[in-house]
Amino acid sequence: MKSKIIKLIGVLALIALSYGAYLWFMPHQNVQGTKAFKTIDATVLVNEFLADKTAANEMYLDTEGESKVLIITGTIADISKDQLNQKVILLKNTSEKMGVSCTFTVDTNSQVDQLEVGNTVKIKGVIRSGAEYDEDLDLTENVIVEKSAIVE
Amino acid sequence: MKNLILTIAIALISFTSFSQDKLSTTSGHIKFFSSTPAEDIEANNYKVTSILKPTEGTLVFSVPMQSFEFEKALMQKHYNSKKFLDTKQFPKGKFKGAITNLSAIDFATDGTYEAAVSGTLTIHGVAKEITEKIKLTVVNGAVTGNTEFDIILADYGVVFTKGKPSENIAKTIKITASLNYTKE
C-alpha cells in the first residue's frame with residue numbers, strides 16, 4: 001500500500017514538472033505554420049476597421065495576443081526598414097490614406113529584395129492592430145501585420 | 001516698393017509651408033522593463049506610430065499593444081490576457097499632448113533640445129495626465145526623439161494583490177522610447 005502511494009506521488013510530481021517545463025519552454029505562435037483564417041484584400045481589411053472598429057477587433061484579435069493569421073493581397077506602396085532592420089511593406093492604393101503595414105522577419109527579409117513599389121503581392125502574417133483615422137489630430141494608422149512572409 | 005511686396009510674399013509662402021509641416025514615424029521603438037528580485041521582464045515594440053507638429057508643438061503616439069514581444073511566450077500571453085492589459089479590448093495605447101516649451105526648440109537648426117511634454121496617456125482604457133521630458137535631436141531637418149520615464153501600473157487599473165504576478169511583476173515599469181521622424 002505504502003509503495004503504491006509513493007509511486008502515485010512520484011507520477012503526480014513528474015506530471016507537475018512536465019507541465020511546468022511545457023509552460024516555461026512554450027514556443028511563440030508559429031505564424032507561418034498556422035493555417036490562414038482568410039485571404040483578404042488590403043483595402044477591404046482597412047475598411048472593415050474604419051466601418052466598425054469594435055466588430056473588427058472582435059473578429060481578428062485574440063485575448064492572449066495570438067491573433068488571426070491572414071493572407072493579404074495588395075499593391076506595394078512603400079518598402080522600408082524598422083529599427084530592428086526588419087523589412088516593412090506597405091500595401092495601399094495611391095488614392096487611399098491608410099493601408100496594411102506588413103513587417104517581415106530576419107528569416108523572411110530576403111523575400112523583399114526582389115520586390116518593387118507597384119508590384120502586386122500576397123503576404124501571410126499575424127494581425128496586431130487595426131486601421132484608424134483621427135481627423136482632429138490628422139493621425140492615420142495602418143493595419144499592423146507582423147511575422148510576414150510572401151505567399152507564392 | 002516692388003522689393004518689399006516680393007519680400008512679404010516670400011515670407012508668407014515660407015510661413016505657410018512651414019506651418020503645414022508634419023513629422024511622422026510608423027516605426028518607433030518602445031521598450032518596457034520590470035525588475036523584481038524574482039525576475040527581470042523586458043518587452044519590445046517596433047511598430048509605434050507618432051506625429052510631431054513643430055509649429056503647434058502637438059505630439060501624438062499610438063502603440064499597438066499586441067506588438068510587444070517578450071522572450072517567453074507564456075509571459076506574452078499573460079501580458080495580453082484579461083487579467084493584465086486586456087489587449088483585445090484595448091488594442092492601442094495612446095498619448096496625446098503638446099510641447100510646453102516650444103520657444104526653446106528650433107526645428108530649423110541642428111542641435112539637441114530638451115522638450116517638456118504634457119498630455120494624456122491612455123493605457124488599458126484608463127486616461128491619466130502626465131508631464132515628461134523628451135530629448136529631440138535635429139540633424140538636416142530630420143528629428144529623432146528619445147525619452148525614458150516610469151509608469152505605475154495601478155494608475156492604469158493593472159493591479160495584482162496575490163499569486164505569482166504580484167511577486168514577479170514590478171509595480172512601477174520603466175518605459176524607453178526612440179522615434180525617428182521624417183517629413184510627410
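Colleague: Which residues line the second largest cavity?

Modeller: First, the general idea: rolling a probe the size of a water molecule over the atoms shows where empty space is left. This is a predicted model, and here the lining of that cavity is made up of Ser129(A), Gly130(A), Glu141(A), Asn142(A) and Ile144(A), along with Lys47(B), Thr49(B), Ser62(B), Pro64(B) and Lys92(B). Strands E2 (40–53) and E3 of chain B each give two or more residues to it.

Colleague: What volume does the second largest cavity have, and how do the residues of its lining divide?

Modeller: The volume is about 50 Å³. The lining splits into two nonpolar, five polar and three charged residues.

Colleague: And what about the largest cavity: what is its volume?

Modeller: About 460 Å³. There are 30 lining residues, and the closest to the centre are Ile30(B), Leu121(B), Ile123(B), Phe149(B) and Ile175(B). Several strands of chain B give two or more residues to this lining, among them E1 (23–35), E6 (111–123) and E9 (172–183). By class, the lining holds 24 nonpolar, three polar and three charged residues.

Colleague: Now backbone angles. What is phi of His124(B)?

Modeller: As background, most residues other than glycine have a negative phi. His124(B), in the loop between E6 and E7 of chain B, has a positive phi near 60°.

Colleague: Is His124(B) buried or exposed?

Modeller: Buried, because its relative accessibility is 15% and the cut-off is under 20%.

Colleague: Where is Asn140(B)?

Modeller: In the loop between E7 and E8 of chain B. Asn140(B) is not a glycine, yet its phi is positive, about 50°. With a relative accessible area of 70%, Asn140(B) is exposed.

Key. Residues are numbered from 1 along each chain as its sequence is written. Chains are lettered from A and ligands numbered from 1 in the order in which they are written. This is a predicted model: local features need pLDDT of at least 70, side-chain atom pairs count only at pLDDT 80 or more; totals for chains, interfaces and linings use all residues. Side-chain values use heavy atoms; hydrogens and water are left out. On a 1 Å grid over the protein atoms alone, a cavity is a set of points where a 1.4 Å probe fits but cannot get out, and a pocket is an open set with protein on both sides within 12 Å along at least five of seven lines; lining residues have an atom within 4 Å of a point. Grid points are joined across faces, edges and corners, and a volume is the space filled by probe spheres set on the points. Helices (H or I, at least four residues) and strands (E, at least two) are DSSP runs, numbered from the N terminus. Ala, Val, Leu, Ile, Met, Phe, Trp, Tyr, Cys and Pro count as nonpolar, Asp, Glu, Lys and Arg as charged, and the others, Gly among them, as polar. Buried means under 20% relative accessible area, exposed over 50%, partly exposed in between (1.4 Å probe, protein chains only).
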